Amino acid sequence: MAAATVTHPLDTLKIRLQTSTVKAQFVTTFVNVIRKEGFLALYSGLSASLLRQATYSTARFGVNDFVKEKLGTDKNGKGLAGDLQSRLARAYPDQVAAAGTSLILCYLKHSNFPLTKGRVSFAKSMTAAVLGGLAGGIVGTPADIANIRMQDDGRLPPAQRRGYKNAFDGLYRIAREEGAGALLRGWAPNTGRAVLMTASQIVSYDVVKARLLESGLFQDNLVTHFTSSLTAGLIATTVTSPFDVLKTRIMTAPEGTYKGSVDAFTKIVRAEGPAAFFKGCIVLTRVPSFTRLGPHTILTFIAYERLKLTYAAYQSKRQ
């Protein structure tokens with residue numbers, strides 16, 4: 001949620017670019033929003049964005065970690081305590097000194113610590129990420145619809161604006177005016193994006209972090225977490241761009257515009273060409289959507305690593 005708050009203005013600009021049916025540039029869009037709507041317009045839909053993170057991110061990370069733990073590591077983690085102690089002691093000296101071996105064993109149990117032995121395999125990690133993405137995509141769809149509509153509202157003519165007061169007002173009005181089923185509009189591409197996002201983001205983070213630590217040149221610290229998350233953000237941005245554009249168009253379109261994901265895909269390709277699915281992707285349009293997902297990924301994983309250590313320390317005290 002902290003990451004979403006920091007990067008929300010960039011997310012708003014990304015939504016404006018994705019809903020535009022004409023060529024648009026990042027800087028031009030930014031200037032137009034500030035000039036016509038004011039700086040605070042960049043924070044339109046913040047309440048819905050936070051609600052989305054509370055549902056979507058909690059579900060995908062929670063299910064991912066739960067499944068990963070149930071699948072288990074390739075080897076018994078207890079045999080790694082000796083090898084791990086020196087690395088953890090250098091990274092977190094105060095915590096290790098206070099909790100000792102119990103913290104190390106608990107950390108092995110509750111994290112995918114990247115050592116050759118005791119590491120979750122790629123197949124297991126991918127399975128956990130896919131299931132986490134499925135859960136996150138479905139439960140996060142209602143808040144995502146409200147979020148995208150609130151961010152895109154300023155682009156519309158005054159007569160067509162929805163004017164949701166906040167996330168809960170948006171959800172209530174969507175259900176009242178369009179039916180409860182409208183709260184799941186675009187769930188298919190949204191879930192597809194969530195699966196690709198979680199798989200490309202979490203798995204690539206785990207793999208890159210593992211390789212860095214195994215090289216002997218990195219320790220399990222902020223530098224490693226930053227480098228791993230930066231790479232994960234780049235990969236996730238490219239992989240998820242088509243689904244991101246598709247679900248944004250469906251969620252913001254007037255009712256009846258598209259019959260479904262396939263119909264939306266076909267109409268967008270016919271009207272704008274395949275490149276439309278990479279609006280906001282730096283490779284094709286020079287619009288750095290990575291400037292949103294990159295910082296978001298970095299902040300998310302840095303906070304995630306600290307929370308894992310805090311949880312491990314808490315669990316060790318209970319043993």
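This short talk describes helices, salt bridges, aromatic pairs and a surface patch in one protein structure.

Good morning. Please keep in mind throughout that this is a predicted model.

I begin with helix α3, which covers residues 46-71 and therefore has 26 residues. From its first C-alpha to its last, α3 reaches 36 Å, close to the 38 Å expected at 1.5 Å a residue. The helix does bend, by about 25°, at Gln53. Several of its residues are buried, among them Gln53, Arg52, Phe61 and Lys68. I ask you to remember the last three of these names, as each of them returns below.

Let us turn to salt bridges, of which the structure holds 18. One of them joins Lys68 to Asp206, with the closest N and O atoms 3.0 Å apart.

Because Arg211 and Glu214 stand 3 residues apart in helix α9, about one helical turn separates them. Arg211 is partly exposed, at a relative accessible area of 47%, and Glu214 is likewise partly exposed, at 34%.

A further salt bridge links Arg176 with Glu177, the closest N and O atoms being 3.4 Å apart. Here Arg176 counts as exposed, because its relative accessibility of 53% is over the 50% cut-off. Glu177, at 43%, is partly exposed.

Salt bridges may also be joined into a network. In this model, such a network links Asp11, Lys14, Arg52, Asp144, Arg193, Asp244 and Lys247. Arg52 is the residue that I named among the buried ones of α3.

I now come to the aromatic side chains. How many aromatic pairs does a search of the whole structure find? The search finds 5. In one of them, Phe61 and Tyr304 form a tilted pair, 5.0 Å from centre to centre and with 45° between the planes. Phe61 belongs to helix α3 and Tyr304 to helix α13, residues 290-318, so this pair ties together parts that are 243 residues apart in sequence. Phe61 counts as buried at 10% relative accessibility, and Tyr304 is buried too, with a relative accessible area of 15%.

The rings of Tyr205 and Phe301 have their centres 4.0 Å apart and their planes at 10°, so this pair is stacked. Since Tyr205 lies in helix α9 and Phe301 in helix α13, the pair ties together parts that are 96 residues apart in sequence. Tyr205 and Phe301 are both buried. Taken together, ring pairs link Phe61, Tyr205, Phe301 and Tyr304 into a cluster.

Finally, let us consider the surface. Which residues form a nonpolar patch there? They are Ile138, Val139, Leu184 and Trp187, which together have about 370 Å² of accessible area.

Thank you for your attention.

Methods: Residues numbered from 1 in each chain as written. Predicted model: local features only at pLDDT ≥ 70, side-chain atom pairs only at ≥ 80, totals over all residues. Heavy atoms only, no water. Patch = residues over 30% accessible without salt bridge, like charges linked within 9 Å, V, L, I, M, F, W, Y side chains within 5 Å. Areas by Shrake-Rupley, 256 points an atom, 1.4 Å probe, with all protein chains shown as cover. Salt bridge = Lys/Arg side-chain N within 4 Å of Asp/Glu carboxyl O. Helix = DSSP H or I, 4+ residues; strand = E, 2+ residues; numbered from the N terminus. Expected span 1.5 Å × (residues − 1). Bend = angle between axes of the 7 residues up to and from the residue. Buried < 20%, exposed > 50% of the residue type's maximum accessible area, 1.4 Å probe, protein only. Phe/Tyr/Trp six-rings, centres within 6.5 Å; stacked < 30°, edge-to-face > 60°.
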